[in-house]
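Here is a short briefing for a reader who is meeting this structure for the first time. Please look over the sequence and the model before going on to the points below.

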Amino acid sequence: MLTENEGADRTFLRLSKVILSDDRDMRDLALLEVNIDVQILSTRLNQISVQKGLVYLLDDQGRIILPYSHYHQDGNERFGEARSGAFIDRNKHMVIIRPIHTVGWRVAADVPMREILAAGSALRGHVMAISAVAIAAVLLLAIYFSTYISRPVIHISQVMNQVREGDLDIRIDSSRQTGEMKTLYQSFNYMMDMIGDLIQEVYVAKIREKQSELAALQAQINPHFLYNTLDSINWMAIRYGARDIQKMVVSLATMLRYSLNNGQNLIAVQDEIKQVQSYINLQQIRFENCFESEIRIQEEMNSCIIIKLLLQPLVENAIIHGFDEGQYENGHLTITGEIESGHMVFRVMNDGHQADLEVIQRILYPAEDVKPKSYGIKNVNDRLRHQYGEEYTLQYRIQGDLTVAVIRIPLEKTGGEAYGGGNDSGGGRR
């Protein structure tokens, strides 16, 4: 039981409790009374801090004990009978209830929602202010690091603009850089060094090219002089009836004209065959017709193009080694050309002394430490690989009593006029 007891200058709350016996009769044994100083209790209660709200103390009956101004008001009506919990009442107040288990009392905190919201608004303002400061700090740091990182990139971009404007001597100091930027700077400097070396090489090559062109122009004087000299010998041979000399001079002039081919590397097949025929004419006179020759070229191949002087070394090799430089009699030399599977296939065949294929293989592919003794057919093989690719090579084989040299190259049309060789650039007087 709780009663009020007012003294001279203090107000007390008297808490009374009957102590019963523990037997079946449950007799009253004693009465325990405790006087509680309201002021002391209020002080303790006020130590519970709530923002602009009140803290209430309710007894076990739901009556308000403190604040004393609300003494004996019905707390159940205001706070309900809940022993614990939190809710918002009809006055839009936040109510939080906690029990005091030893006496059955309750403590209720009553805070207006506007105060809570005001506190939340203030907290939100603080959070927003802190967030704004944090964002500003992050932006400043981002700007700083972005500038720190981009400055070397901007620098190399400016240097590259100077290179684009023609300054090829510029280099970048990489001593202050680390990591990827140092590697990038060093790579840029290496690239510029390489460009400088390449420019120097191209410059030197251009000078050499000009020198070669000048030498070629000067060298053109010699063929014209030789043509005119051969032409004079030809007329003298005609005058004195030396038909063999005339035939050799004409064949030599023809060979010279087609071999020069105005400085071009490619020639029409028909012009290459004319050059080969002229060479055979010379050799038949020299070897006193110890062999017969036959040339069979498929007509469609005449307008195709071929590397100049590709067949003459093979014919020369067949005559010299096959017919023993005129010591062999009744020899046969055959040159054929056919189109097979999109390729031109040339064969130079002789029935003289058979070639040693192992020796020929060593000539075509000599060891690195061996100086070649013969350059004719090796030169043909090297030019074939250079012009058409590694799979196009000179092949030698033995077929019965024949030694056969085979060349297989891609079929390529001139599309009209033959390459250079069909024009007589040296015949006649100049």
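The model shown here is predicted.

**Thr-336 and its surroundings**
- Thr-336 has a relative accessible area of 7%, and because buried means under 20%, Thr-336 counts as buried.
- When neighbours within four places in sequence are left aside, Thr-336 is in contact with Arg-296, Ile-297, Val-345, Phe-346, Arg-347 and Met-349.

**The sheet**
- An open sheet is formed by five strands, which follow the order β10-β12-β13-β15-β14 with mixed pairing.
- Its edge strands, each pairing on one side only, are β10 (291-297) and β14 (395-399).
- On average, and with direction ignored, neighbouring strands of this sheet are turned by 20° against each other.
- Strand β13 (residues 343-350) and strand β15 (residues 402-410) run antiparallel and are joined by eight bridges, and Met-344 has Ile-409 as its bridge partner in β15.

**The helices**
- Helix α7, made up of residues 269-286, lies across β10, β12 and β13, and runs at about 175° to β10.
- Helix α8 lies across β10, β12, β13, β14 and β15, and runs at about 15° to β13.

**Glu-316**
- Glu-316 lies in helix α8, which spans residues 312-322, and with 31% relative accessibility Glu-316 counts as partly exposed.
- Although Glu-316 and Tyr-279 are 37 residues apart along the chain, their C-alpha atoms are separated by 8.3 Å.

Conventions. Residues are numbered from 1 along each chain as its sequence is written. This is a predicted model: local features need pLDDT of at least 70, side-chain atom pairs count only at pLDDT 80 or more; totals for chains, interfaces and linings use all residues. Side-chain values use heavy atoms; hydrogens and water are left out. Helices (H or I, at least four residues) and strands (E, at least two) are DSSP runs, numbered from the N terminus. Buried means under 20% relative accessible area, exposed over 50%, partly exposed in between (1.4 Å probe, protein chains only). Contact means heavy atoms within 4.5 Å. Two strands pair if DSSP finds at least two bridges between them. Axes are lines fitted to C-alpha atoms, for helices over the stretch in contact, and angles run from 0 to 180 degrees between N-to-C directions.
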